[in-house]
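Reader: Hey, I'm new to this one. Can you walk me through it?
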Amino acid sequence: MNANDAAEMEAYARVLAKYREAFREDPPARAWPAIARNEEDMEEDLEEEARRGRLVVRVVPKNEQSGSASGASDGEKLSDELTSAMEGDAATTGAPREARRLPGESDATFELRKKAEGGDADAQCKLGVEHYGAERYEEAVKWYRQAAEKGHAGAQNRLGRCYYHGRGVEKNHVEAVKLFRQAAEQGHAEAQHDLGGCYYNGEGEEKNHVEAVKLFRQAADQGRAIAQHSIGNCYYYGNGVARDLGKAEHWLAKAVENGYKRSEGLLKEVRELMNLEVAAAEKKAAAAAKKAAAAEKRKAAAAAKTAAKRAKR
């Protein structure tokens with residue numbers, strides 16, 4: 001390699017250090033194509049491109065740009081250097097790549113990410129939650145998927161929700177149902193309710209209110225407030241079960257006790273209807289009693305009249 005190429009390699013090394021600090025993929029060279037840049041404009045663009053996670057930088061010596069044979073050889077060496085550098089020590093010695101703190105990353109997130117990158121399913125799911133909360137949905141899906149493939153029920157359910165809402169992936173209710181079912185079969189209450197909702201609305205599965213109620217009940221029995229609301233709603237309207245205001249009131253009251261505010265309005269309505277039904281029943285009973293008393297009175301009067309006639313004879 002000539003002096004010009006050596007100078008470019010030195011500049012490349014400086015830029016690569018910045019690149020590795022900003023880029024979290026391991027290694028990005030496996031996922032994205034190399035894009036040739038001259039040393040003069042490479043450093044200016046690198047920081048923004050690295051943040052996007054879409055660029056692998058490769059310095060192109062001037063003699064390679066002109067198409068000379070020797071330049072092509074040097075270019076191949078530079079490309080090999082890039083691959084080796086991006087993969088870290090693992091590319092040459094087999095040693096694990098050292099985790100690097102990302103700009104602005106908190107201590108807690110850094111430790112969480114190290115565990116996630118080490119294959120800890122719980123950490124992968126929690127890291128996905130952080131990304132989802134920051135609306136980095138594609139990154140959230142990536143971590144949820146890694147944990148879900150290990151059988152993590154929480155990650156399966158959250159990945160299912162990403163498919164259900166179309167966040168980070170294309171909306172697909174059938175795939176959502178598949179993931180909800182995997183988590184629900186492990187007893188995950190949120191997934192049981194989410195799967196029940198799909199049956200209730202006919203999304204990704206044929207509409208089936210009876211099956212929905214069964215799943216709502218499984219989640220409600222675990223104290224899931226929204227599921228308690230849902231099963232109370234089913235009893236109120238008679239969907240999947242016989243209409244029963246008493247059972248509706250029972251489940252809605254539990255949901256309110258567990259902090260589900262949306263149940264308060266329906267619970268009030270149910271109780272008002274129950275009071276009306278009680279009042280109507282009491283009125284009906286009073287009317288029946290009055291009618292019975294009148295009949296008894298007529299019967300007594302008739303008996304007295306008959307007795308009087310007999311006495312005259």
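Reader: What share of the residues is buried?
Author: Buried residues make up 36% of the 313 residues in the protein. Buried means under 20% relative accessible area, exposed over 50% and partly exposed in between, with a 1.4 Å probe and protein chains only. This is a predicted model, where local features need pLDDT of at least 70 and side-chain atom pairs count only at pLDDT 80 or more, while totals for chains, interfaces and linings use all residues. Residues are numbered from 1 along each chain as its sequence is written, and side-chain values use heavy atoms, with hydrogens and water left out.
Reader: OK. How many helices and strands does the protein have?
Author: There are 14 helices and 2 strands. These are DSSP runs numbered from the N terminus: helices are H or I with at least four residues, strands are E with at least two.
Reader: And the largest nonpolar core, how many residues has it?
Author: That core has 44 residues, and L159, L195, I231 and V270 have the most contacts inside it. A nonpolar core is a set of buried Ala, Val, Leu, Ile, Met, Phe, Trp, Tyr and Cys residues joined through side-chain atoms within 4.5 Å. Apart from it lies another core, of 5 residues, among them A116, A123, L127 and W143.
Reader: What does I231 touch?
Author: Not counting residues up to four places away in sequence, I231 touches V213, F216, R217, A220 and W251. Contact here means heavy atoms within 4.5 Å.
Reader: Switching topic: which residues of helix 6 are buried?
Author: They are A121, A123, Q124, C125, L127, G128 and H131. The cover over them includes helix 5 (107-117), helix 7 (137-148) and helix 8 (153-165). Helix 6 itself covers residues 121-133 and reaches 18 Å from its first C-alpha to its last, close to the 18 Å expected at 1.5 Å a residue. That expected span is 1.5 Å times one less than the number of residues.
Reader: Why does Q124 count as buried?
Author: Q124 has 1% relative accessibility, so it counts as buried. Leaving aside neighbours within four places in sequence, Q124 is in contact with A116, G119, W143, Q146, A147 and K150.
Reader: What caps the N-terminal end of helix 6?
Author: D120 does, with a side-chain oxygen 3.0 Å from the backbone nitrogen of D122. After the helix comes E135, whose phi is positive, near 65°.
Reader: What do the buried residues of helix 8 pack against?
Author: Helix 6, helix 7, helix 9 (173-184) and helix 10 (189-201). The buried residues of helix 8 include L159, G160, C162 and Y163. Helix 8 is followed by G166, whose phi is positive, near 70°.
Reader: Now rings. How many aromatic pairs are there?
Author: A search of the whole structure finds 3. Rings of Phe, Tyr and Trp (its six-membered ring) pair if their centres lie within 6.5 Å; planes under 30 degrees apart count as stacked, over 60 as edge-to-face and the rest as tilted.
Reader: Why is the pair of Y200 and F216 called tilted?
Author: Because the planes of Y200 and F216 are at 40°, with the ring centres 6.2 Å apart. The pair links distant parts of the chain, with Y200 in helix 10 and F216 in helix 11 (residues 209-220), 16 residues apart.
Reader: Is F216 buried or exposed?
Author: F216 counts as buried, at 3% relative accessibility. Another pair, Y236 and Y237, is edge-to-face, at 4.6 Å centre to centre and 80° between the planes.
Reader: What lies over the face of Y236?
Author: R243 does, at 5.3 Å from the ring centre. A charge sits over a ring if NZ of Lys or CZ of Arg is within 6 Å of the ring centre and within 35 degrees of the ring normal.

Notes: Polar contact = N/O pair within 3.5 Å; in protein donor to acceptor, adjacent residues only side chain to side chain.
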